[in-house]
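Hi,

Here is the structure I promised to pass on. Have a look at it first, then read my notes below.

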Amino acid sequence: MNSSIIGKMEKAKRYVHERSRINFSEFEADFQGEHDTYHMSYRNGSWRCSCNFFATNDVCSHTMAVQKLLSEMMPKGTLPHEICLEPALPHAR
Ligand SMILES: [Zn+2]
């Protein structure tokens, strides 16, 4: 293996821990829900999901889960439901 590839691999290992360097601009995914598989996407700053709940609420458990997973790698201002994903306080009233 040539030395330039080794250098790139070392850099990649470091980048894995610096996720804020990455900003997804768009993607599509299939999400295996509890009752069916749903198709979801993020494009032009908007989330979409094929489930019935999303159709009437513009958000669903699938989009919220992926938002949480990718939160460091999404452009700021694209996570409108971020606050409800904060861990519950153990002694919250
Ligand atoms: Zn959904």
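How many residues does the hairpin that joins strand 1 to strand 2 run through? The hairpin goes through 4 residues. Before the rest, two notes on reading this. It's a predicted model, where local features need pLDDT of at least 70, side-chain atom pairs count only at pLDDT 80 or more, and totals for chains, interfaces and linings use all residues. Residues are numbered from 1 along each chain as its sequence is written.

The sheet is open, with 3 strands in the order 1-2-3 and antiparallel pairing. (Strands are DSSP runs of E, at least two residues, and helices are runs of H or I, at least four, both numbered from the N terminus; two strands pair if DSSP finds at least two bridges between them.) Strand 1 (27-32) and strand 3 (46-49) are the edges, each pairing on one side only.

Strand 2 (residues 37-43) is joined to strand 3 by 4 bridges, while strand 1 and strand 2 pair over 6 bridges. Follow S41: E28 stands opposite S41, and in strand 3 the bridge partner of S41 is R48. Further along, R43 stands opposite S46.

Now the faces. In a regular strand, side chains alternate between the two faces of the sheet. On strand 2, Y38, M40 and Y42 make up the covered face, and T37, H39, S41 and R43 the uncovered one.

Notes: A residue is buried if 20 or more other C-beta atoms lie within 10 Å of its own, exposed if 12 or fewer, and partly exposed in between; C-beta atoms are placed from the backbone.
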